[in-house]
Amino acid sequence: MNIPFSGGCACGSIRYTCAHEPVAMINCHCRDCQLSSGAPFASGIVVMTADVEITGTPKTYSVRAGSGSLTARSFCADCGTPLFTRGEANPGFMSIRFPSLDQPSEFQPMLDIWTSSARQWVCLDQAIPQFPQSPQQPSELEA
Ligand SMILES: [Zn+2]
Ligand SMILES: [Zn+2]
């Protein structure tokens with residue numbers, strides 16, 4: 001991945017840049033990610049919150065994620081693009097939704113989590129690890 005990397009929402013109201021290499025890249029199949037993405041799963045890039053600079057003001061709502069911890073989801077109020085996720089248990093980390101990347105081809109998922117709620121018609125990549133729930137710190141890894 002080229003560093004820094006950047007991205008933004010569909011209408012351009014919100015932009016971001018991240019100064020350092022991601023911590024992880026994850027596909028999350030939990031029900032909350034399905035709802036907030038409008039897709040069978042959400043793909044996210046986990047980074048250090050301090051490394052991300054955001055311009056514009058996303059709208060945020062908080063939900064209990066599959067892990068049980070409170071998770072704040074941010075999206076563009078103008079165009080609806082899902083953008084960021086932060087978990088209350090680990091505010092030092094955040095997740096960026098991969099479709100918002102300026103170079104989405106650079107997203108390479110490293111693991112699938114919450115596959116216990118994955119749709120049966122979703123083809124999982126057998127070359128990467130799968131976890132029925134979250135492998136460790138759920139709020140760090142929630143996409
Ligand atoms: Zn927008
Ligand atoms: Zn999830």
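Tutor: Let us begin with one residue pair: Gly 8 stands opposite Arg 15 in E2. This is a predicted model, in which local features need pLDDT of at least 70, side-chain atom pairs count only at pLDDT 80 or more, and totals for chains, interfaces and linings use all residues. Residues are numbered from 1 along each chain as its sequence is written, and chains are lettered from A and ligands numbered from 1 in the order in which they are written.

Student: What makes E1 and E2 paired strands?

Tutor: Strands (E, at least two residues) are DSSP runs numbered from the N terminus, as are helices (H or I, at least four). Two strands pair if DSSP finds at least two bridges between them. Strand E1 (residues 5-8) and E2 have four bridges, so they pair, in the antiparallel sense. In their hairpin, with six residues between the strands, Gly 12 takes a positive phi near 90°.

Student: Why is E3 called largely enclosed?

Tutor: A residue is buried if 20 or more other C-beta atoms, placed from the backbone, lie within 10 Å of its own, exposed if 12 or fewer, and partly exposed in between. Four of the five residues of strand E3 (residues 24-28) are buried, so the rest of the structure largely encloses this strand.

Student: In which sense does E3 pair with E10, parallel or antiparallel?

Tutor: E3 pairs with strand E10 (residues 111-113) in the parallel sense, over three bridges. Cys 28 has Ile 113 in E10 as its bridge partner.
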